[in-house]
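Please look over the sequence and the structure below before reading on. The paragraphs that follow go through a few positions in loops and helices, then helix packing, then pockets.

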Amino acid sequence: MAQVNASFGSKLTEPIAAVPPSEREQRLWGRLLEAEACVKGSTKGGGGGLLGAGTRLLALAAKLSARLALAAVVVLASSTSQADVPAELRAASEAVGEWFPRLLPRVLLLMFVFSWMLCISLARRSLLLCWALRLASWRHALLALASAVVWGGGAVDGTGGLIPRPFVADALQDKPVWATFCIALSVVVLFMSWRLARLVAIYLVSVVPIFVYWGCGRAQRMFNLSDATAQELFYDNADALMAPYMTNSFLVLGGLFVKLGQWLSNMSFGVPIKLQESLKKLQDTATIDGEAHIRALILSEFGGKVEDLFEDFAMVPIASASIAQVHAATLRDKSGRSRKVAVKLQHQSVEQLILLDLGALKRIVSICCWLGGDKWNDTKRLLDSWARDMVLELDFQHEVQNLREVREGLIAGGLDVVVPKEVDGWVSRRAFVMEFCEGFRFTDLDRLVLHGVDRKAMAARALHATACQLFEIGVFNSDPHAGNLLCQVNETSALPVLLDFGNCIRLSEAQRLAYCRLLVGLSELSITKTRSSRTS
């Protein structure tokens, strides 16, 4: 670390210069933010304008048409009788054979039961009553079912005629075993669809890139092309197609896949540049939980209501990531003094979702290893290591331990950086409270210029903090994306703020010293020292 300090010089010890903006500059900055908010509001919702509105209307019409079609299938299956079958179709069925008239009621009963189950699975619980009322408004179907249940024969319609018994009524009465089987099978399928729908979606999403890149490899071997030629002809075009597809798919799947996209966007090797650039959009995307979950989680983890524990609590989060969201709040300590804090709360059902997604990812990578051979082994080992870290990130007590060790290590190293301090007694597995740290993102170049921050000095200070974690502390943040690095501006100086230590890598003493020898060997351009760091 002495060599690192010498290479950076005074940038590591002197205050980072910052010039506070004037009142006029602050007013102009506020107007600019308002203008940007208006522009974002006008284009929000997938394209904006007539094109975006038309797309949303088409999607809504498609969903409505599908549900109305299911309702129509239910009604037709429940009310179709022998008299409703055209004479030509009856004659054709008799020509086919005697088995067709006996098979038709079974098919209609199966269609009726599964259509009902589909209606239940697609409709929201609050709309099930509405669906029932809509179906009941079909007078013919209602009388037909009444004839089967009550009279066991034909029911009288509004004109005094008889409504023939529907096929479903015949099947329910004559084939109870088949009816029971259909109902049981539909219930099992409905339950499995609720449980396995996400897994099916994950596998369907993964099929496309696996097939595309496997096809590129097969084409390269078939035409005996060099790597450079295959990259230009096949892989560059495949990257351009797969980048938006995978970004949108990860965004729709949410949960672990948003985290995976953020992680891949920061990889320095093995990930196509086009895919990295597209996946960077996921760094600003995350779900937000509602007030009901927030109140329930605080009650469960801290043993009290929000109003009883906090003087003020903002239900709208100030930040949200793939695992948790952060709320600003005011907490009164034992001495009666109020202070602003940040409350980190885990998303609803995120633990079960991530464990399910990790299992699916491991199976997908295993398939890739089977198709791609030994070149996927490193990816498999990397995924296994990342999966272990993700499981630990679900425990906020583990994050607080990392936070404490890194903060104490940076203080011992004499680094002037900000790492939030946890509030004693307010740490649990799914929620914890820490001090509130003001600041804006490292990547917000406009605000860096507005406050006159020395960007080279700020970058050097952040890099030195990372080097201290790696070479001295042995615990370093392995997920340092833009959302985890803030710039805090005081009156005439600025400081880097380091956040989110849930995903950290711990190094043994031997590993830490090996990295130190590697850095020294690289800085001195010594091949001998560099090799010795690998064997030590």
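**A walk through the model**

S349 is partly exposed, with a relative accessible area of 46%; partly exposed covers the range between buried, under 20% relative accessible area, and exposed, over 50%, taken with a 1.4 Å probe on protein chains only. This is a predicted model, in which local features need pLDDT of at least 70 and side-chain atom pairs count only at pLDDT 80 or more, while totals for chains, interfaces and linings use all residues. Residues are numbered from 1 along each chain as its sequence is written, and side-chain values use heavy atoms, with hydrogens and water left out.

S349 sits in the loop between β7 and α15. Helices (H or I, at least four residues) and strands (E, at least two) are DSSP runs, numbered from the N terminus. The phi of S349 is positive, about 60°, although S349 is not a glycine. Another non-glycine residue with a positive phi is D500, where the value is near 55°. D500 belongs to the loop between β13 (493-498) and β14 (504-506), and at 18% relative accessibility D500 counts as buried.

A further loop residue is F310, between α14 (306-309) and β4 (312-313). F310 counts as buried at 5% relative accessibility. What does F310 contact, leaving aside its neighbours within four places in sequence? The partners of F310 are I298, A329, T330, L331, V343, W426 and V433, where contact means heavy atoms within 4.5 Å. F310 and V341 are 31 residues apart along the chain, and their C-alpha atoms are separated by 9.8 Å.

In helix α10 lies L253, which is buried with a relative accessible area of 10%. Not counting residues up to four places away in sequence, L253 touches R198, A201, I202 and V205.

Helix packing comes next. Two packed helices are described by the angle between their axes and the distance between the axes. Axes are lines fitted to C-alpha atoms, for helices over the stretch in contact, and angles run from 0 to 180 degrees between N-to-C directions. Angles under 35 degrees count as roughly parallel, over 145 as roughly antiparallel, 65 to 115 as roughly perpendicular and the rest as oblique.

From α11 the contact uses L256, F257 and L260, and from α15 I354, D357, L358 and L361. By class, these contact residues are six nonpolar, no polar and one charged; Ala, Val, Leu, Ile, Met, Phe, Trp, Tyr, Cys and Pro count as nonpolar, Asp, Glu, Lys and Arg as charged, and the others, Gly among them, as polar. α11 is mostly covered, with ten of its ten residues buried. Among them are K259, Q262 and W263.

α15 also packs with α16, at an angle of about 175° and with axes 10 Å apart. α15 and α16 are therefore roughly antiparallel to each other. Residues of α15 in this contact include I354, L358 and L361, and residues of α16 include L383, W386 and M390. The contact of α15 with α16 has eleven nonpolar, two polar and three charged residues.

The last topic is pockets. On a 1 Å grid over the protein atoms alone, a pocket is an open set of points where a 1.4 Å probe fits, with protein on both sides within 12 Å along at least five of seven lines, and lining residues have an atom within 4 Å of a point. Grid points are joined across faces, edges and corners, and a volume is the space filled by probe spheres set on the points.

The largest pocket holds about 1500 Å³ of space. Its lining has 38 residues, and Y213, G270, C368, W376 and T379 are the closest to its centre. The elements giving two or more residues to this lining are α9 (176-222), α10 (227-253), α11 (256-265), α15 (350-372) and α16 (377-393). α9 provides the largest share, eleven residues. The lining of the largest pocket has 26 nonpolar, seven polar and five charged residues.

The second largest pocket has a volume of about 860 Å³. Of the 38 residues that line the second largest pocket, A319, S320, V326, G483 and L499 lie nearest its centre.
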